[in-house]
Amino acid sequence: MNNRKYGDKEVDVCIVGVGAAGGVLAYELSKAGLDVVGIEAGPFWNPQTDFASDELHSYSLSWQDTRLSTGSDPIKFGSNNSGRGVGGGTVHFTGVFYRFHESDFRVKTSDGVAEDWPISYQDLEPYYTKIENDIKVSGPRHFPWGSFNGPYPYPEREPLSANAQIFREGCEALGIRSTVAPLAILSAPFDGRPPCTNRGFCNEGCMPNAKFSTLVQHVPKAIKQGAEILTDSMVTNIMVGKDGKVTGVEFNHEGNNYRQLAKVIVVAAFGVETPRLLFNSACAQHPDGLANSSGMVGKCIMPHSGHDIYAKLDEEIRFYKGTPVMAVSQDFYETNPERGFVRGYSLNAHGNRPLALAKNLAVEAGYWGRELREVMLDFNFYAMATIVGEVLPEERNAVTLSSEKDEYGLPRPQISFSYGENDNKLIKHGVQKANEILEARGGKPIFVVPDTGHVMGGCRMGDDPSRSVVNGFCQSHDIPNLFICGPSVFVTSSGANPTETVMAIAARTADYLASKMQKGKIDKEM
């Protein structure tokens, strides 16, 4: 915050949330000459002073506000889902950077379930390429799945971690294809940032800035283009004029309330906070919440099934060393009718750290006391693979408002989630395959820790305003100058980590907005 009296100036675009999507939007729109303000609930991190190679310290990077989680399979919230601060989740993600496959955009057509996206892979392809080049993704010379097979802008990361080697050798023994994972982590210097030194603390914030985040890449460039970023500022309400269009936002900074007027509002928050804000902004013109004439706001929440599969080997693996994810197989990504379920998953060779493992074993797998201690004594001998499994959209999986209030007097979000029959069949198959891979390399299956991650959906795209919240350019069907951009607009979840697709959609939305707006003017359609 600076000394400007907020509310006295209407800007072209106000972005709520400065994470993966918001950072890209801030840069691209300010570069196009628009007057942009981004508002972020958390701080503006300094990697050299605010990050540490410390698991407990890293909790400060994630959104720890209370979320009420219900359903048969309640979603775990915290560090594995959303960030709090400039850069959002990109500050503490693993850097895994996959494109979606063509089939991900037409699941209804190809598999008879879920819905088709209103956009195709081809619509996003130039933006995938742009983002990969803008941040210099490091990846294999040949990626054998999907439409894009490489090469990536920068060569693959070396050396492989022992955990990744174990995974790849197990795959090879079974005739399963695997490759080095494409990563938003530098393998050579770029733009004043150094290559990765394999510290391995990607989830704790990258102190050297070898790992990409919008905090270190897009936001500084946006500020140089004239964008303003307001931090430690919680947006509590989106204001609406008599004509039903949005006029600005209200936010709280250090206990004081302010407002920011804007011609266009883009909500680029997390999959929980986005529908929550739309509900909390209900008004006479939009009594059920903003952009919710369809009743679809908050519905069809989709996390990835992210079960962690562990095996014990006779040799030391030390799977805390190196970048957490360095190998992948997507051989089980597409639908195969012989498996008895539709869609599929990625398998990532995934490292872990002692506190995270102990906590997960105690909370999720029932280990405690002497039994937990004995398991942890063998920490260096474990190898691990993780499923990134597609979850099908169901309207019962939803974000709503609870009766409990937060520090701002706003209802807290309540998230109900339960896996469906297809989801559970997919998880069972993925756990079995991961165990087979680790066994093929000499591992003994020891435990499975259920987990979820990457919450998507809640404000999905679509051409039919009665069944969706935004159109293919993330523009609200109900309110033409309100945009929603980020994982909330996903129609299906895919079997791949979503960050690259979030950023590609944001870049495409920025192009659309820039074409509709000129400095001080706005297209009549908005």
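Student: Which residues lie nearest the centre of the largest cavity?

Tutor: Keep in mind that we're looking at a predicted model. Rolling a probe the size of a water molecule over the atoms shows where empty space is left. The largest cavity has a volume of about 90 Å³. Its lining is made up of 13 residues, and the ones nearest its centre are C196, R199, G200, C206 and A210.

Student: How many nonpolar, polar and charged residues does the lining of the largest cavity have?

Tutor: Sort the lining residues by class, with Cys and Ala going to nonpolar, Arg to charged and Gly to polar. For the largest cavity, that sorting gives eight nonpolar, three polar and two charged residues.

Student: What is the volume of the second largest cavity?

Tutor: Look for the spot lined by residues including Y98, F100, Y121, W145 and Y152. Its lining divides into seven nonpolar, three polar and one charged residue. The space in this second largest cavity comes to about 70 Å³.

Student: On to the rings! Why is the pair of F105 and W117 called edge-to-face?

Tutor: A pair of aromatic rings is described by the distance of the centres and the angle of the planes. This structure holds 22 aromatic pairs. For F105 and W117 the centres are 5.0 Å apart and the planes sit at 65°, and since planes over 60 degrees apart count as edge-to-face, this pair is edge-to-face.

Student: Are F105 and W117 buried or exposed?

Tutor: Find F105 in the loop between β3 and α3, and W117 in the loop between α3 and α4. Buried means under 20% relative accessible area. Both F105 and W117 are buried.

Student: What kind of aromatic pair do Y310 and F447 form?

Tutor: Y310 sits in strand β12 and F447 in strand β18, 137 residues apart. Their centres are 4.8 Å from each other, with 50° between the planes, and the pair is tilted.

Student: Where does H477 lie, and is H477 buried or partly exposed?

Tutor: H477 lies in the loop between β19 and β20. Buried would need under 20% relative accessible area. H477 has 25% relative accessibility, so it counts as partly exposed.

Student: Which residue's backbone oxygen does the side chain of H477 reach?

Tutor: H477 touches several residues, among them G462, D463, P465 and V470. Its side chain comes to 3.1 Å from one backbone oxygen, and that oxygen belongs to G462.

Definitions and conventions: Residues are numbered from 1 along each chain as its sequence is written. This is a predicted model: local features need pLDDT of at least 70, side-chain atom pairs count only at pLDDT 80 or more; totals for chains, interfaces and linings use all residues. Side-chain values use heavy atoms; hydrogens and water are left out. Helices (H or I, at least four residues) and strands (E, at least two) are DSSP runs, numbered from the N terminus. Buried means under 20% relative accessible area, exposed over 50%, partly exposed in between (1.4 Å probe, protein chains only). Contact means heavy atoms within 4.5 Å. A polar contact is a pair of N or O atoms within 3.5 Å; within protein, one must be able to donate a hydrogen and the other to accept it, and residues adjacent in sequence count only if both atoms are side-chain atoms. On a 1 Å grid over the protein atoms alone, a cavity is a set of points where a 1.4 Å probe fits but cannot get out, and a pocket is an open set with protein on both sides within 12 Å along at least five of seven lines; lining residues have an atom within 4 Å of a point. Grid points are joined across faces, edges and corners, and a volume is the space filled by probe spheres set on the points. Rings of Phe, Tyr and Trp (its six-membered ring) pair if their centres lie within 6.5 Å; planes under 30 degrees apart count as stacked, over 60 as edge-to-face and the rest as tilted. Lists of a residue's contacts leave out its neighbours within four places in sequence.
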